[in-house]
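Here are some notes for a colleague who is opening this model for the first time. Please keep the structure in view while reading.

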Amino acid sequence: MIRVLLVDDEPLVLIGMRSMLDWAALGYELAGTARNGGEALEKIRELHPDIVVSDIRMPVLDGLQLAARVHEQYGGLPVFIMLTSYEEFDYVRRSMGLGAVDYLIKMDLTAENLTEALARARDAVEKEKALRRPGPNQSGSLESYRERFFIQLYSGAFPNESKIRSHCEELGLTLDAAAYTAVIASIRNKDLSPEQQGALSAGITRMAADVLPKYLRCQVTGMDLRHFNVLLLLDGSPGWEDALVPVLQKANEILYKYFSTTLWWAVGAPTAALHHIPDSQKSAFSALPLLSEKDPIVFYRDEARTPLDHRACIVAEVQDYIRKNPSKKLSLNDVAAVFNFSPGYLSQLFSQNGETSFVEFVTETRIAAAKELMASTDLKIYEISEMMGFESAFYFSKVFKKIEGVSPRTYLRKLRGDSEAKEADDAKETAAKEEPADAD
């Protein structure tokens with residue numbers, strides 16, 4: 001059981017936190033309480049808690065001084081959740097460098113956000129204990145780090161080829177090939193709840209990751225609830241397109257047998273360099289509007305060959321503009337003005353030649369950009385929400401959960417290396433009840 005120490009110089013706050021949760025039912029043991037930083041330091045030496053929930057402003061030692069002392073003496077454990085009566089972000093930022101994994105505003109403290117903060121702290125505790133535990137059994141974390149690597153690879157986060165290969169070596173990935181092509185698989189099914197769609201998408205992606213490598217060299221990774229990525233490792237032979245089609249058709253047959261769901265495939269342009277894989281994925285995005293029930297497999301072409309191709313290329317150009325500017329004002333009127341179209345015409349183009357409406361595409365693009373920031377930075381959720389132009393962190397969380405099936409906090413926990421068992425617990429928690437108001 002995870003041991004928790006509560007530290008605050010206000011007795012009512014301590015009483016409130018103790019009575020706010022059914023600690024034992026959530027898997028925590030309240031190891032004790034302390035009224036100031038000096039007393040807390042002694043309790044930490046005596047009780048060895050895993051998590052310390054501590055006020056920042058306290059007598060004897062404040063929360064930052066306490067965290068600094070503990071971090072110096074004990075390293076990564078215990079982890080801290082900081083409490084403050086007002087949003088002093090300078091203090092908060094400093095605390096994050098001293099072993100704190102989260103902070104909570106006292107006036108906004110609820111059972112829900114305290115539970116969320118404790119869950120994140122528990123993740124950090126489990127990771128730290130796993131690192132200290134002898135033995136190489138880190139497969140769950142390794143898969144999470146590989147997923148994070150591919151998110152960064154597709155987003156163009158690596159500056160050069162050598163940096164990519166260095167990460168591949170660390171993660172045990174072999175990506176040596178004569179050429180590379182990004183393929184986007186589009187999952188075609190009727191509307192489901194986010195939880196149902198998440199389960200379906202996860203199952204299809206996992207099976208595709210099992211099936212496709214039997215026929216060709218590739219890496220399969222998730223993208224969102226409706227798509228996943230396939231990175232093809234090509235040998236340079238000119239007939240690769242003809243060889244790929246029957247493989248994708250076979251995969252469709254297998255996956256439809258199990259999930260009764262159709263897949264469409266947009267194949268990007270090949271590239272000889274790992275650091276140009278983002279360009280290949282962009283070309284695959286450009287091919288997405290050409291997919292249809294009649295043409296479920298489409299290869300990117302530089303030039304339009306039919307009027308339909310021309311309209312799809314216009315949509316692809318607009319989509320590319322939106323992807324490159326996720327934080328700008330992207331209303332239908334604003335984007336239409338950039339391309340000298342009427343708003344009605346642009347909306348019609350998207351409806352007839354794209355997978356989603358204009359508004360849906362803008363929203364999904366912003367969420368995709370937010371996921372890239374989560375994978376490549378340590379920004380807080382509210383900071384990412386502001387950068388992506390959402391009106392509030394609450395609304396961002398609500399939209400994120402609708403698209404991804406989980407809250408931003410849960411997604412971050414999975415991204416940063418949770419074990420398979422923890423992921424299963426999170427899935428159960430999400431399916432049961434998880435409101436989107438868990439943003440920072």
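1. **An exposed loop residue.** Start with His48. At 53% relative accessibility, His48 counts as exposed, because the cut-off for exposed is over 50%. This residue sits in the loop between H2 and S3. Its phi is positive, near 50°, and His48 is not a glycine. Most residues other than glycine have a negative phi. Keep in mind throughout that this is a predicted model.

2. Val60 is another residue to check. Its phi is near 70°, again a positive value in a residue other than glycine. Val60 belongs to the loop between S3 and H3. With 64% relative accessibility, Val60 counts as exposed.

3. **Helix H2.** H2 covers residues 37–47, and His48 follows it. What caps the N-terminal end of H2? Asn36 does: one of its side-chain oxygens lies 3.0 Å from the backbone nitrogen of Gly38. The buried residues of H2 are Gly37, Gly38, Ala40, Leu41, Ile44 and Leu47. Their cover includes strands S1 (2–7), S2 (28–34), S3 (51–55) and S4 (79–84), along with helix H3 (63–74).

4. **The overall picture.** The protein has 440 residues, and 49% of them count as buried. It contains 18 helices and ten strands. The accessible surface comes to about 21,000 Å². Carbon and sulfur atoms hold 51% of that surface.

5. **The largest nonpolar core.** This core has 26 residues. Those with the most contacts inside it are Leu212, Phe228, Val230, Leu232, Leu244 and Trp265. Several elements give two or more residues each to this core: strands S6 (179–188), S7 (218–224), S8 (227–234), S9 (262–267) and S10 (297–299), and helices H8 (194–211) and H9 (240–259). Which element gives the largest share of this core? H9 does, with six residues.

6. **Leu232 and a second core.** Look at Leu232 next. Leave aside its neighbours within four places in sequence. Leu232 is then in contact with Ala179, Tyr180, Thr181, Val183, Leu216, Arg217, Cys218, Trp240 and Leu244. A second, separate core has 23 residues, among them Trp23, Val53, Leu77 and Ala121.

7. **Helix H8.** H8 has 18 residues. From its first C-alpha to its last it reaches 25 Å, close to the 26 Å expected at 1.5 Å a residue. Its buried residues are Gln197, Leu200, Ser201, Gly203, Ile204, Thr205, Ala208 and Val211. S6, S7, S8, H9 and S9 are included in what covers them.

8. **Asn229, a residue of S8.** Is Asn229 buried or exposed? Asn229 lies in strand S8. It is buried, because its relative accessible area is 4% and the cut-off for buried is under 20%. Its side chain makes a polar contact of 3.1 Å with the side chain of Gln281. Again, leave aside neighbours within four places in sequence. The contacts of Asn229 are then Tyr154, Val183, Ile184, Gln219, Val220, Thr221, Gly222, Met223 and Gln281.

9. **Ala369 in H14.** Helix H14 runs over residues 358–376 and holds Ala369. Ala369 is buried, with a relative accessible area of 13%. Beyond its neighbours within four places in sequence, Ala369 is in contact with Pro326 and Met388. How far apart in space are Ala369 and Met387? The distance is 9.8 Å, C-alpha to C-alpha, and the two are 18 residues apart in sequence.

10. **Aromatic residues.** The structure holds nine aromatic pairs. Phe149 and Phe158 form a tilted pair, 5.4 Å centre to centre, with 40° between the planes. Phe149 is buried at a relative accessible area of 1%. Phe158 is buried as well, at 12%. Elsewhere, Phe390, Tyr395, Phe396, Phe400 and Tyr411 form one aromatic cluster.

Terms used: Residues numbered from 1 in each chain as written. Predicted model: local features only at pLDDT ≥ 70, side-chain atom pairs only at ≥ 80, totals over all residues. Heavy atoms only, no water. Helix = DSSP H or I, 4+ residues; strand = E, 2+ residues; numbered from the N terminus. Buried < 20%, exposed > 50% of the residue type's maximum accessible area, 1.4 Å probe, protein only. Areas by Shrake-Rupley, 256 points an atom, 1.4 Å probe, with all protein chains shown as cover. Core = buried A, V, L, I, M, F, W, Y, C linked by side-chain atoms within 4.5 Å. Contact = heavy atoms within 4.5 Å. Polar contact = N/O pair within 3.5 Å; in protein donor to acceptor, adjacent residues only side chain to side chain. Expected span 1.5 Å × (residues − 1). Phe/Tyr/Trp six-rings, centres within 6.5 Å; stacked < 30°, edge-to-face > 60°.
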